[in-house]
Amino acid sequence: MKNATLHQLKVFEAVARHSSFTRAAEELFLTQPTVSMQVKQLAKAVGAPLFEQVGKRLYLTEAGKDLYTTCREIFDRLAQFETSIANLKGLKQGTLRLAVVTTAKYVVPRLLGPFCQRYPGIDISLTVTNHERVIDNLLDNRDDLYILSQPPEDLDVNIHPFLENPLVVLAWRDHPLTREKNIPLKRVAEEPFIMREPGSGTRKSIQKMFDEQGLALNVKLDLGSNEAIKQAIAGGLGISALSLHTMALEGRDSPLTILDVEGFPIERYWYLVYPGGKQLSVIAQAFFEYLLNEGKTVAEQTAFQGFFSYARQLGGG
Ligand code: PGA
């Protein structure tokens, strides 16, 4: 193994975790041939194949499984070492690793501004992805803190709400339903609907509400991004339900509007979450306290003027 490099182990770990060269390449911002080459060289250093392809699926060999466990131990130890070095340096230097659900990208970067001004030596690594992948990161202990709207009920985690995150029904500005009040859910279910992808927390909340009423949505399209959904609504492809915060930077001339639908807004919160046994670094602890004590005020101060009073009228924010 003496010819193996830490970089190769990192690449191998990502391929093994995703069971996919393509997804590992995406995560590491590498090309797929580079990823394959790194794994090939590592297998040569090990002296045994690490993966086998059966049909379309990729499996770890026995040697691969052993190496995967070893990698996880090495990276956990390195993360612990990084934390203790960062703690020695206090808040002067180090990295804060955050993984947040896609709706939080409309707020968290604004909250990071004043925090980074207070502690200019701190670097931020911010992963924005859907609910399911944030949970994967949490299970893998890859980040310091996680922000979710639906905290996992079956895991040993610390959970702290810090800001409202209501879901609202959005339509294009001239949609016929904009003239109606208290629109029945049944009526919404008849409209062409644009849905977030499987694994999305937004999708789960909407599905739950319609399931509880025994209604099936007329889903025309699945899209993996809130912004793409907004564009599709503006393009007249259908209506959707998204976090109110996706409207945070839309001005008065926005092509989108919020419909008055019974049962909406769906009340939700963003939660700051971290695993039960985790020792927070000094930096993560400072961000945790900042978010709980000042998060809501800073979010209001830095939002598009009038956004939060509008949110309050709707019963959220
Ligand atoms: P999503 O989560 O990005 O997985 O839809 C957003 C949320 O639950 O607020």
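Modeller: On a 1 Å grid over the protein atoms alone, a pocket is an open set of points with protein on both sides within 12 Å along at least five of seven lines; a cavity is a set where a 1.4 Å probe fits but cannot get out; lining residues have an atom within 4 Å of a point. Points join across faces, edges and corners, and volume is the space filled by probe spheres set on them. This is a predicted model, where local features need pLDDT of at least 70, side-chain atom pairs count at pLDDT 80 or more, and totals for chains, interfaces and linings use all residues. Numbering runs from 1 along each chain as its sequence is written, and side-chain values use heavy atoms, without hydrogens and water.

Colleague: What is the volume of the largest pocket?

Modeller: Start with its lining, which counts 47 residues. Arg-97, Ser-125, Asn-141, Arg-142 and Asp-143 lie nearest the centre of the largest pocket. The volume comes to about 1,800 Å³.

Colleague: How many lining residues of the largest pocket are charged?

Modeller: Asp, Glu, Lys and Arg count as charged; Ala, Val, Leu, Ile, Met, Phe, Trp, Tyr, Cys and Pro as nonpolar; the others, Gly among them, as polar. In the largest pocket, twelve lining residues are nonpolar and 16 are polar. The charged ones number 19.

Colleague: Between which domains does the largest pocket lie?

Modeller: Domain bounds come from an automatic or database assignment. That assignment gives domain 1 (6-71), domain 2 (90-163 + 269-312) and domain 3 (167-258). The C-alpha centres of domain 1 and domain 3 are 40 Å apart. Two domains give residues to the lining of the largest pocket, so it lies between domain 1 and domain 2.

Colleague: Which helix gives the most to the lining of the second largest pocket?

Modeller: That pocket has a volume of about 460 Å³. It is lined by 17 residues, with Gln-150, Glu-153, Ser-205, Lys-208 and Arg-268 closest to its centre. H6, helix H8 (201-212) and strand E12 (269-275) each supply at least two lining residues. Five residues, the most, come from H8.

Colleague: What volume does the largest cavity have?

Modeller: The count is one cavity of 30 Å³ or more. The volume of the largest cavity is about 90 Å³.

Colleague: Where does the largest cavity lie?

Modeller: Its lining has 13 residues, and Val-101, Thr-103, His-131, Gly-201 and Thr-202 are closest to the centre. By class, one is nonpolar, ten are polar and two are charged. Two domains both give residues to this lining, so the cavity lies between domain 2 and domain 3.

Methods: Helices (H or I, at least four residues) and strands (E, at least two) are DSSP runs, numbered from the N terminus.
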